[in-house]
Amino acid sequence: MKSIVIHFAGVVFISLILLGVGVERASVGTVYSDPVAKIRAQDESMYANMALRQASTGDWLTPKVMGRYLLQKPPLLTWIAGLSLKFFGTSLFALRLPALGAAIFCTALIFVLARSAGSPMLGWTAVLLLLSNSLWHIFARLCYTDMLLVACITGSVATFLYDPLLERRRSLWGFGAFCAAGIMAKNTAGLLPFAIVAVYWIFADRSRRPSPARIMLAFALSVALVAPWHIYQIVVHRQWFWSDYVQTQLLGFGLHPPAQSSTESQLAFYSKRLILTDPVLFVLLIVAIPFLVRDVRHRAATMPGVILAWLAVTGGALLLFRYRNLPYALYLIPPACLAAAVYGPAFSRRSSKISLAVLVVVFALKCFAPGQPWGITFGAADPLPAVAALHSYYELGRPNELILVDSDDDLYASALPLPRIRYCFLDPDNVVRRYAPHYATLGITLTEEEFEDLDYLEPAYEARLKEWGLDSPEPIGTAIVIASRTMLPRLFRAYRNSDFYVSGADWELLQRETPVNQTHQMITASNGRKFLLARFPSPGMTVNLKQVPTGW
């Protein structure tokens with residue numbers, strides 16, 4: 001018993017060191033959430049915006065971003081991140097602590113599960129595979145919902161393996177609570193553990209199956225735990241909930257995404273990225289699957305069937321959910337590490353020590369190749385030039401709204417406490433308006449013509465927002481859509497008291513078409529783009545300059 005505790009403490013300590021080092025190295029949203037396609041983690045900026053707002057206002061029930069409600073997912077992540085920011089103060093560590101804690105928790109559980117299948121050596125093998133995975137490192141240091149969901153799925157699976165019949169009260173409550181937490185983190189994806197149990201139930205021995213009554217009772221417990229928040233939103237923000245939670249997230253991104261980051265099929269997209277981000281784990285998993293299937297067919301133990309069901313359900317979910325997004329692949333990593341460590345022939349008793357030593361060497365090689373998709377960066381990221389530029393702008397303490405035109409900041413400005421920001425998107429294909437059609441109805445997303453006439457249209461938009469339960473004009477016009485750059489001079493002339501963040505080409509266009517030097521002062525930012533600073537403040541704008549942490 002003492003030996004097990006020592007091993008477990010060692011796993012927690014090593015995970016804390018390896019995953020925690022560098023948690024504050026990259027600014028908000030600048031890490032690549034897809035290192036293959038070089039897509040930055042812009043969602044972190046939105047989660048930071050929501051968590052900071054909740055921590056400062058105390059409005060915990062309904063998350064807001066840039067003034068609008070955002071109900072595509074329940075707010076478990078922003079609750080925890082907001083509490084962390086409130087308790088520890090505004091810092092990257094506090095913002096990312098929920099994901100880091102979830103990753104350490106999940107790593108420790110994987111050790112326990114692998115060790116229960118054989119020996120501490122198998123447990124350490126699974127842990128080393130997990131800690132060698134580049135995606136695991138990326139999302140342990142990002143304020144994203146995905147690591148929370150992975151921890152919830154792993155916790156529910158561990159609970160089920162502890163008591164496959166769900167006979168004990170604590171097992172039933174534990175399984176239901178983990179599933180409920182998963183729902184509160186990632187919408188209906190939190191129900192994946194029930195799908196895992198259902199698939200396991202198909203090919204498991206009858207003596208090792210939970211009764212349908214126990215499964216339904218666990219499901220009822222999960223529903224009861226998540227019901228208060230969902231009922232509140234349905235009653236108070238019915239239209240927002242239906243539009244965000246159901247139409248946009250489940251039906252929109254789930255079945256008919258407004259846009260994709262690549263033209264690949266689901267299978268090609270995820271297979272390619274799983275191979276490129278961890279070729280060693282991918283090969284070990286492929287080799288281990290026949291041995292895993294063999295043990296499932298013997299029906300002599302519960303674990304093989306659960307791991308196979310875990311792999312099948314999470315893999316199937318990636319193929320069925322139509323929006324392709326690399327963070328979703330994270331759900332496959334823990335069962336892949338378990339399968340490779342416990343059932344892979346490379347880690348049999350005869351060769352386990354040698355194989356473990358090889359994994360240590362592989363881990364070291366990954367540490368020395370941070371520029372590769374499979375490399376471990378320890379939180380580092382390629383600099384996003386807009387970060388320094390926007391920091392410098394913020395420190396000016398401008399009493400003006402800022403309009404970012406075709407911006408290169410990946411929504412970073414939304415993580416800064418600026419008085420008001422608006423994003424102007426060059427969008428000839430109308431993707432922005434398809435993303436959330438109700439934003440156009442509410443005046444959140446506007447065309448250039450609508451934005452020009454905002455003084456006339458704003459009362460109608462305010463009335464619609466009020467009907468939807470939001471008694472504030474703050475989100476109106478936070479997204480402006482233009483089909484061509486030729487529309488930019490009209491936009492500029494209509495908003496002479498606003499600051500602008502534009503490219504060099506747009507600056508030249510404005511110089512030709514507008515009296516820009518009469519109304520604005522131009523400053524060249526550190527990234528070569530231009531800030532056009534209005535000579536007079538925006539009406540109603542006040543400045544409340546707050547200290548922004550170093551590196552934020």
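**Rings, charges and cysteines**

Guide: The charged end of R209 sits over the ring of W201, 4.4 Å from its centre. This is a predicted model, in which local features need pLDDT of at least 70, side-chain atom pairs count only at pLDDT 80 or more, and totals for chains, interfaces and linings use all residues. Residues are numbered from 1 along each chain as its sequence is written, and side-chain values use heavy atoms, leaving out hydrogens and water.

Visitor: What makes a charge sit "over" a ring?

Guide: NZ of Lys or CZ of Arg must be within 6 Å of the ring centre and within 35 degrees of the ring normal. For R209 and W201 the distance is 4.4 Å. The charged end of R529 also sits over a ring, that of Y501, at 4.5 Å from the centre.

Visitor: Why is the pair of F111 and W124 called edge-to-face?

Guide: Rings of Phe, Tyr and Trp (its six-membered ring) pair if their centres lie within 6.5 Å; planes under 30 degrees apart are stacked, over 60 edge-to-face, the rest tilted. Here the centres are 5.8 Å apart and the planes stand at 65 degrees, so the pair is edge-to-face. By this rule there are 25 aromatic pairs.

Visitor: Which parts does the pair of F111 and W124 tie together?

Guide: F111 lies in helix α4 (residues 92-116) and W124 in helix α5 (residues 120-131), so parts 13 residues apart in sequence are tied together. Helices here are DSSP runs (H or I, at least four residues), numbered from the N terminus.

Visitor: Is F111 buried or exposed?

Guide: Buried means under 20% relative accessible area, exposed over 50%, partly exposed in between (1.4 Å probe, protein chains only). F111 has 2%, so F111 is buried. W124 has 21%, so W124 is partly exposed.

Visitor: What makes the pair of F160 and F175 tilted?

Guide: The angle between the planes is 55 degrees, with 6.3 Å centre to centre. F160 is in helix α7 (residues 145-162) and F175 in helix α8 (residues 169-186), 15 residues apart. Both are buried. F160 and F175 form one aromatic cluster with F194, Y200 and F219.

Visitor: How many disulfides are there?

Guide: A disulfide is a covalent bond between the sulfur atoms of two cysteines. The rule asks for two cysteine sulfur atoms within 2.5 Å. The count is zero. For C143, the nearest cysteine sulfur is that of C152, 15 Å away. For C337 it is that of C106, 9.3 Å away.

Visitor: Why is C337 called buried?

Guide: C337 has 0% relative accessibility, so C337 counts as buried. C143 has 1%, so C143 is buried too.

Key
Helix = DSSP H or I, 4+ residues; strand = E, 2+ residues; numbered from the N terminus.
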